[in-house]
Amino acid sequence: MIRPINISPLNTSQTLEYKCPYCKKFGILNLTNIIININNEGNVQEDLTGYTCPHCGNDLFEENNK
Ligand SMILES: [Zn+2]
């Protein structure tokens, strides 16, 4: 699960809340290099492949790519 929080009036965010699909831990990602575009349903529109769980090292966003 990955969910943007602190969504701006322009439907962008640099803060994502995640729940790792593997180890089930929750956490917050503060993105400094990229701005995430959010669609009207509140879902992330960017390809976030490559972001890994700081706890177990698995890909956090595999669920979003299905
Ligand atoms: Zn994990």
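**Entry 1: the fold**

I start with what a strand is here: a DSSP run of E with at least two residues, numbered from the N terminus. With that in hand, I read along the sequence and find the pattern β-β-β-β-β. My tally for the chain is 5 strands and 0 helices. I remind myself that I am looking at a predicted model.

**Entry 2: overall dimensions**

I then asked myself how the radius of gyration compares with what the globule rule gives for 66 residues. The chain comes out at 11 Å, close to the 11 Å from the rule, so it is as compact as a globular protein of that length.

How much of the chain is buried? I noted that 30% of the 66 residues count as buried. The chain exposes about 4300 Å², and carbon and sulfur atoms supply 45% of that area. I also checked contacts between residues at least 6 apart in sequence: 34% of them join residues at least 24 apart.

**Entry 3: the zinc ion**

Now the part I was curious about. Which protein atoms are the donors of the zinc ion? I found the SG atoms of C20, C23, C53 and C56, lying 2.3 Å from the ion. Along the sequence, these donor residues follow the spacing C-x2-C-x29-C-x2-C. C20 sits in the loop between β3 (15-19) and β4 (26-30), while C56 belongs to the segment after β5 (36-37), so this pair ties together parts that are 36 residues apart in sequence.

Why do I call the arrangement tetrahedral? The 4 donor atoms subtend angles of 106 to 117° around the zinc ion, and the label asks for all angles between 85 and 135 degrees.

C20 has 0% relative accessibility, so I wrote it down as buried. C56 has 33%, so C56 goes down as partly exposed. The cut-offs behind these words are under 20% for buried and over 50% for exposed, with partly exposed in between.

Last, I picked T15, which has its place in strand β3. Is T15 buried or exposed? Its relative accessibility is 12%, so T15 counts as buried. Leaving out residues up to four places away in sequence, I listed what T15 touches: R3, P4, I5 and N6, along with I28, L29 and N30.

Definitions and conventions: Residues are numbered from 1 along each chain as its sequence is written. This is a predicted model: local features need pLDDT of at least 70, side-chain atom pairs count only at pLDDT 80 or more; totals for chains, interfaces and linings use all residues. Side-chain values use heavy atoms; hydrogens and water are left out. Donors are N, O and S atoms within 2.8 Å of the metal (3.2 Å for Na, K and Ca); water is not among the atoms, so sites may look incomplete. Four donors count as tetrahedral if all angles lie between 85 and 135 degrees; four count as square planar and six as octahedral if opposite donors are over 155 degrees apart and all others between 65 and 115; anything else is irregular. Helices (H or I, at least four residues) and strands (E, at least two) are DSSP runs, numbered from the N terminus. Buried means under 20% relative accessible area, exposed over 50%, partly exposed in between (1.4 Å probe, protein chains only). The radius of gyration is taken over C-alpha atoms; the globule rule is 2.2 Å times the number of residues to the power 0.38. Contact means heavy atoms within 4.5 Å. Accessible areas come from the Shrake-Rupley method with a 1.4 Å probe; for residues, only the protein chains shown count as cover.
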